Each structure stands twice: as C-alpha cells, then as structure tokens.
Amino acid sequence: MISFAWLIPLFPLISFMVLILSGKKLKNASGYLAILLTGISFLLTIGVLLDLRTITEFEVIWPWLTVGEIEFQAGALINPLNGLMLFVVSFVSLLIHIYSLGYMGEDDRKSSYFAYLSLFTFAMLGLVMSPNLLQFYMFWELVGLGSFLLIGFYLYKESAKKAARKAFIMTRIGDAGLLIGLILLFWQTKTLSFLEIFQAIEQQKLAPGMITLIAILLFIGAVGKSGQFPLHTWLPDAMEGPTPVSALIHAATMVAAGVYLVAATYPLFLASEWALIIVSVIGAFTAIFAATIGLVQDDLKRVLAYSTVSQLGYMMLALGAGGYVAGVFHLTTHAFFKALLFLAAGSVIFALKNQHIKQIAGSGKHLAVTKWTFLIGTLAISGFPLLSGSFSKEAIFAALLEDGQYGLLAVALFTAFLTSVYMFRLYFLVFHGKGEDKPERTVPLCMNGPMVILAVFAVIAGFFGSQLADWLAGGQGSFAVLHHSPTWLIFLATLVSLGGIVLAYYIYLRKQINQEEWKETFSSTYTILYNKYFIDEFYENTILYSTRAISYLIFYIEKYVVETAMAFVSGTIKAIGTRGSRLQTGQVQTYGTVALLGLAAIVLFFVVKGGYM
Amino acid sequence: MGLLSLLLFSPMIGLLLISILTKNSDHKSIHRYAVLGGIIPLVISWVAYIQFQGHNQLAERVSWFSYQGGQQSFVIDYELALNGFRLALILLTTLIVMLAILASVKQITKNPRLFYQWLFVLELGILGVFASDNMFLFFFFFELTLIPMFFLIGKWGHVEREEAAYKYVIYNGLGSAVLLIAIVAVFAQAGTTNFEAVQAYMAQRDDMAFQVGVLIAFLVAFGVKLPIIPLHSWMVSVHVYAPPAVVMIHAGVLLKIGAYGLLQFGSGMFPDAFPVFAVTIAVLGLINLLYGAFLALIQDDLRKVFAYASVSHMGIILLGIAGMNTAGYQGAIFQTISHGLISALLFYLVGILILRTGTTNLKKLGGMWTAAPVLSGLFLTGALAGLGLPGMSGFVSEFMAFVGVFEQLPLFGAVGVIGIILTVVYFLRAILNMTFGDPRKNKYEKMADIGKGELFPAGVLVAFIILIGVYPDSLSQLLQITLETLVTGMGG
C-alpha cells in the first residue's frame, strides 16, 4: 500500500477539478462527491499507516525540473511524522467535509465551497508528504491559496475581502523568508531533499553561522503560516471564513504546518542553539500574548482564534526546548480538540445565527450535543486531568524542565492558567445563563456526528503519548524522546488548570466577582487587550504608511522626472519632424514604404562604407 | 523553400487572403479569413517543433552577398536557424497572434481589413526576429515590427492613442538607431553578422574595451524594448491606450525581443565580456522589480496596474540574467515565455471587460463576481499566475531566476525576493477590488459573464500556464542545449 502513497492527494485534486469545471451542474451532489473522494484518501492513509508499522521510511521521486546538471524532483516521502500528519489531515478533513454538508447546505455557491475545500485538502496532503523543500514550498503556497479562497468565500462581504487579502499578504511575508532560506540551503548543500540535507548537516558541511541563518529564515516562514508574533494578525481576521473552514484550516491543519516545518527540518534546528532559543522564545511570547487577548474578546470565533495562536505558540515553545515529541503530540491533540471546539461553535452560529457571546448569553444550552461536546473540548484544552490536552501539555512542561528553561516554564504554566480562564469564560457565557433565544433551526446529524467523533478523540488521544514517541523514534532517531514530569509538576499543572476553571466559575457563572469593576480598575489594560495591543494600528501607521509613501514618491519621480525627460526627447524629435512634414501625404502605405526604403538605404550605405571604417 | 522560410513567410498567406477581399466585404468574412490566416503559421510552427525535436536543429542558409574591403571579406547571408529558445518564442508568437485575432473578432469594428493586414505584417516581423541567425536579418525584421505596431496603436487604440503611437515610435526608433550603430561596429570588426561567427571571432580577439562598449549599446537598445527603467514610459502608454488585442501581442511577444536580444547579443556573442555587467544588470533588475511594483500599488486603472506589473516582472528577467549561470538564464527564459502567456491572458480578459463595461477604472468597478463569476475567476487565475503561485508558470521562472542570482549575488537575490511580497499586494488589491465586495457596488449589474465562445482563448492560455507550472520539464527539455551553448561559452 505504501508504494501507492503518492495517490493520496490526487483524489481531492480530482474532486477540485470536477467541481470547479462542472460544479453548477452537480448542485447537491457536489458535496457527496467531495466526501467520497476525500474518504478514499482517508482509507488509503489508513493503509499506508498499517504498512508504516514495518517500513519506517519510504521515498519515491521523479524528475520535475532540469536545470543544466541540476535536477529538482517531485515525489512522496513517508516516514512516521509524515504518516501521522497524513492521518490528522485526511481524518479531520473528511469529518469537516461531512459537517459542511449541513453547515453549508443552503448556500448556493456550495459547489465552489467544496471545490476549494478539496483544493485545500489536496495541497495539505501534498505538503505533508513532500520529499524536498521545493515541493514543500509549492504546496505551502497552495494551502495558502485554499485558505485565501475560503476566508474570502463570502466574497460579497467587505470584511471577508480584506481578511482574505490580509491572510495572503501576511503569510507571503513569511514565505519570502522561507524562500530565501531554501535557496541559500540549496547553494550550501546542492540539494533540497530533506534526507540529503540531514546528511549534509551530519557531515558538518555547513558553517554554524549559516545553519543559524537558514534555520531562522525557515522559521520566519513558519511564523507567518502558524500565526506567531509578529505575523499573527491575519489569523483572527481569517475567522471571516465559514466556520468549518476555521476548524480545518485555521485550527487543525494549515496553521500547524509551520510547526510541522520546524519538526520536519528538526536536525537543522538542533544544529543551531540560537535558532532553538529563538523558536522557543517566540513561541512562549506568542502563547502568553495571544492568551491575554483571548481573555477579553467578545466574538465566539475570535476567542477561539486567539486560543489557536496561543496553542501554536505552545507547540513552537516545545520544539524550541528540544521537546520534539511533545510539540508533535500537542499538535495532534490540539487538532482534535480545537477542530471540535470550532465545529461546536459552528453549530451555535448555525442554530442561533449569532456569534457575539454576550448576546448569546447562555442560549447555547438548548443545543444538547453541542453543549456537551463543547464542554469536552474546553476541558481538553484547559488541561483537565485525563483528557488529551493535559497529557500533551504536561509533556511540554516536562521538556522545558528537562531543558532547564525555568523562565519559559513559568510562562507556559501561567498561559495554561489563562487558557482555562478564557475557555471557561466562553463556555459559561455561551452555554449557561438565561438563554432566552430559542434556536432557529436544529443541528442535523451530519453536523453532530463529526462533533461526537472528534469529542471521542479529544478524550482518548492523550493516552497514546508513549506509543507516539515510539512511533516517531522509529523514523527520526535520537531526538524523538517523550519527557516525563516529576509528580510535583503534574500536581502544579493540574492545580493551575483547575484554578483557572474555578476563577472563571466565580466570575462568569456565580458572578461573585464583578467583572465590570475589574474593567474600570484596569481600564487601560482592558483597552489595550480589547484592541489586541494595537498591533494592527501599529502596522497601518508604520509599514503600510511607508509603503504608500514610497509608492507616491516613485509616482512623482515617474511623473516629473521620467515624463519630463521623455517630453524633451520627443519634443526635439517632433521639431525635426515638422521640418520634414511637407513630405507627409497622410497615406499609410507611403509611410511604410518610406520607412523600409530608408532602412535599406541606410544599411546599404553602411555595407558599402563598411570597409573604410 | 525550406520549412523555416515557409514558417517565416506564412503570415503572407493571411495577408493575401485578406487583401483579396474588397474593402466593402462584410466584417464577418474578413474576421473568418483572418482566423484562417492565423491558423496557418500556428500549424507550421508546430510542424517545425516536431521537426526540431527529431534533429535538434533546423537551419537554412542562402548566400546573399559578400564584399571585399581592405584585408577582410564582409559577408551578409540569408541565414535562419532555430534553437530551443527561439523555437519556444516562435511557438509563443504564433499562438498569441492567433488568440489575438480571436480577441479582435469582437473588439475591432473599425476597418478590420486594414487591421489584419498590419497584424500579419507584424507577425511576419516578429517571426523574422526570432528566426534570424544573423544580426543583419534580425535588425531588418526588428524594424519591420515597428511600422505595423505604430499604426495598430495609432489607429485602433483608445483615448490618447496617437500620442502613445508617437511615443512608441520615438523610443523604439532611438533604440533601433543605437542597435544599428552597434551592429555596424561589430560588422566592421568581424566582417560577419552571424551570431556564432561573431562569437568565434570575438573569442580570438582580446579586445575587452570594444566588447564592453558594444555591450553597453546593446543594453540600451534592448533596454528600450524590455523595457529597463527609465526607458519604460512608452510601454506604459502602449499598454493603456493600444487596443487590448494588440497589447496581447505587444506584452506577450514584442517586449520579449528585449530579453531575447540581451541573451542572444549579450551572452551569446560576448561570453567573455558579458559577466562584467552582472552587477549592473542585477541593480537594474532590482530597480525594475521594485519601481514597477511600488507604482502598480497605487494605480487606479487596471491596465496601468498590469503595465507596471510587466515592468516589475521584467526585473526578474534581468535578475535571472545577472545570475550568469544556467539556472539564472533558464529562469530568465522561462519568465520570458511565462510572462508572455500571462500578460496575453490578462489583456485578453481586459478586452472582454471593456466590451462589457467600457472602462478599466478600478474606482468604477467592484463586486463583479456575483454577476460574472467565470470572468472574475479567470481574472483571479491570471493574477495568481502573475504573482507566482506554484503550479503555474510564473513560480517556476521566478524560482529559477532567484536560484540563479543567489549563487553569486545573494544580497541582490534577497532584496528581490521581497519584491514577491509587493507583487501579491498589488495584484490582489486590483483584482479583489474589482471582483469581490458588495455586488451593489457593481454599476454593471447586468453585465454578461464571459461567453462560451470567448472561453476558448482564455482556456488555452491557462492550460499552457498550468502545463509549464506543473511539468516545467516540458519546456526545459527544449532549452537545455541552448543553455549549454549560452553558459559554456562563458567558461563555466
């Protein structure tokens, strides 16, 4: 089965092509077709995973682009990490295709929606099985395209248009870093294949300074894609897209691709201490930074978006601290519980047609399945004992402790506390309270089903930590170790998680702590957090402003310098021309003849004279 | 008559067919004969492609005249020869001219007979430029393209068409003058204008100063055509005021003579002296790339956005050439072909847009997607191709050009990569403002979407763009031998 792994992305591609070319005719069938083809990909993935138990690495490559003696290749690389990613992507994607049947059921551009969703799935599957950085980069851009199209899906909305454009541009900034990094790497190693790059690093063919530079450039790409500070601002705005899209692209898969990039090129990062430090510091800062913003946002999806940014920061933090397994583990569990949270949020929006949590004010409680699955997701992300999030977070804390990063550990623990506060704030405000609004429509089975399945995974995924470590160690080697915490750390982590829940309980459910009073006491802090530290405004007034200033500067150069010079030249020539204007007859054919004859005369003249020059 | 001459003069058939018709014959039959006339070169060029694949060469030579002057003999022959690069450009030419004729069917209502006559003369000129194997023939055909373009712009263009036509002729005329001086200088030295013979001659002589001088002249002459900033303002006018069908040929093929000339006259004939210009060309490339991009950012007219985008994209060609290695040259050649296809697509769509709305002013356009989803989708596709999305031709060429320039000049490469961010900004700004947003903003609510018959040219262009993007070896196999000669001449 594993030798056919390269077929996996092709089925969603077929789905995309069929739907984009004849989606209008297919109407309702378009959703089913997309589900069928994604389902085939999922089954193939399962087959590949079964094979991976015995074969730990499989690579197939074809020539793609010949440049003199250099040959760039395309193909598929299957190793445990890629296998795991294939599973996460195809599984979550399949569930979200099914969920979308209900969620997008009444949209008349449904076939376009499923086409884009398939395009994204194709690109994401191709990305996680790339054997080299060039193919990786290509699919990396294509997932960006899928994301762009889906963020802007409600294209009649001005805000969706802006969000889509912003997402494309912000991630492209990161991509520029990635592209520079990979070209530098190419000239250093004469290859872009992951395996050959690792060999070159092992043989110490690269100067340490160069490794650090390249690692940082690749990381800039990851920062853009995974919404890390300072390129995070597009991700919350990306919530303009349909909610299933937020679940798939902006929670479970694409935004995790940055984390995957660091994991997939891990030997490169391990070879540079500075690169690792930068990864962990950016990760830790993003984690706590986004969590604080999440505390005060009032839009259901935006809170989840900041939560995603924060959790991705966690994963980066883990990788930077040498917690390879911990980072990948958290990526996996997060994919399940965050997709679940978004789908549950989607059902709330679907049924209540509202996503402002203070306006919803508890109306979510009428949706039983949604409420319970959302609670499971909330508990999982908050690190409630025995749910998946608690295990993967604990692995991250352990890795930090092992690495001796006590400062970052403190940040991580505090972020965990904030996480359970803002998540339970969300839960209490949406699902507990007066709940005056009755749902406008019931949530169909095709939406509830995927939520329940994801809830099961959000509960149990945590128990497979050590299996995951063994699985990853099978392919990569020495760095795939799962760190275990001492008892006091487990105890502390649990305490932090429960403490957050209790605090949220007293503020938002029992209302014993008056939040309005807090808002007034810390009004400036509140304003800063509510406005997301004014980062967007800062960019608007610095980068965008100066870009426009340069544009206008060049505009005036064009207008006054270039055009004036032009006018002078053409004026001179016209002046000469007017003297000869008596020769003008106005007949087009004459002009042509004269020009040709003139040319011939000139040439003949030079030919004859040639010898004497 | 050999296949190459047949190919070269095949547009004459179309010209004759059109000329047989009387001035008063109905437009429908004129268009029909024009389409027929466009198909003939297209078919012959593909026959040439198949022939070339078999033997990997195709050449014709007829002695024309020679002349004994002093110690030296001076020879000018009728020489045509193909290599991979020239063949690719010829295929591009016949394709785009054909599609431009299809676009003209609806766009050109004023005296179509004369329009097509000039168009076929233009095609003949372009084919000649790319098929010539010596500088004399090259120059002859190069001049031949000037005249029909002048009338095509001046007579069938929009608003400031006459001014644009004059600008075109003045700039290109000055460029030609410089080119002619340089050609004559080389001819006087070498006694031949054949590309290979000149290269062999120059390799023997160690006359750096002369070679550098001639190269500067070529850089200026082809810099007008490419165009290199600050020689570009004629090209913006042509983009904006010429009829879109003509711009398809202008941006798609004619500007490519600049890139072709730089490679053929530069590294092709002076492999030893050309690398002296690496840094100069890299600087010019960066200026083009960023200057064009920043200006494209604030234009209110879609055609101006695309014009400055072209300026910016030509910067990538220059950066690739500045790499002075296989990857860079291949990137430059790919960008030449790719940009030809993409700008032809964009201006084909502009033509359709103008037929529906009568404007390309971005302030008047908006929310088009609801009324015309397919046209909007095609615009977006064209923009994505332009901004170098992987899976389309633009990415492959940009990637190779950057790989090329990074080998020797990594800093220039790094600054250039920043240009790809700006590319996204200006393309998305223009296209999204036009297609996305509130449908009520669309003043042309009832505008018709692109028709079934109009889809074909766009589809063909998109197909080629994606073919090169997905399977670039389809083009690069054709180029390998050409590249070898370009690079090995430079001793590595």
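Colleague: What makes Thr370(A) and Phe374(A) buried residues of H17(A)?

Modeller: A residue is buried if 20 or more other C-beta atoms, placed from the backbone, lie within 10 Å of its own. Thr370(A) and Phe374(A) are among the residues of H17(A) that are buried, a list including Ile376(A), Gly377(A) and Leu379(A). This is a predicted model, in which local features need pLDDT of at least 70 and side-chain atom pairs pLDDT 80 or more, while totals for chains, interfaces and linings use all residues. Residues are numbered from 1 along each chain as its sequence is written, and chains are lettered from A and ligands numbered from 1 in the order in which they are written.

Colleague: What makes residues 368-382 of chain A a helix, and what span is expected of H17?

Modeller: A helix is a DSSP run of H or I with at least four residues, numbered from the N terminus; H17 has 15 residues. The expected span is 1.5 Å times one less than the number of residues. From first C-alpha to last, H17 of chain A reaches 21 Å, close to the 21 Å expected.

Colleague: What follows H17(A)?

Modeller: Gly383(A), with a positive phi of about 80°.

Colleague: How do you know which residues of chain B are in contact with chain A?

Modeller: Two residues are in contact if their C-beta atoms, placed from the backbone, lie within 7 Å. By that rule 59 residues of chain B are in contact with 49 of chain A. Helix H18 (residues 410-435) of chain B gives the largest share of its side, 11 residues.

Technical notes. Helices (H or I, at least four residues) and strands (E, at least two) are DSSP runs, numbered from the N terminus. A residue is buried if 20 or more other C-beta atoms lie within 10 Å of its own, exposed if 12 or fewer, and partly exposed in between; C-beta atoms are placed from the backbone.
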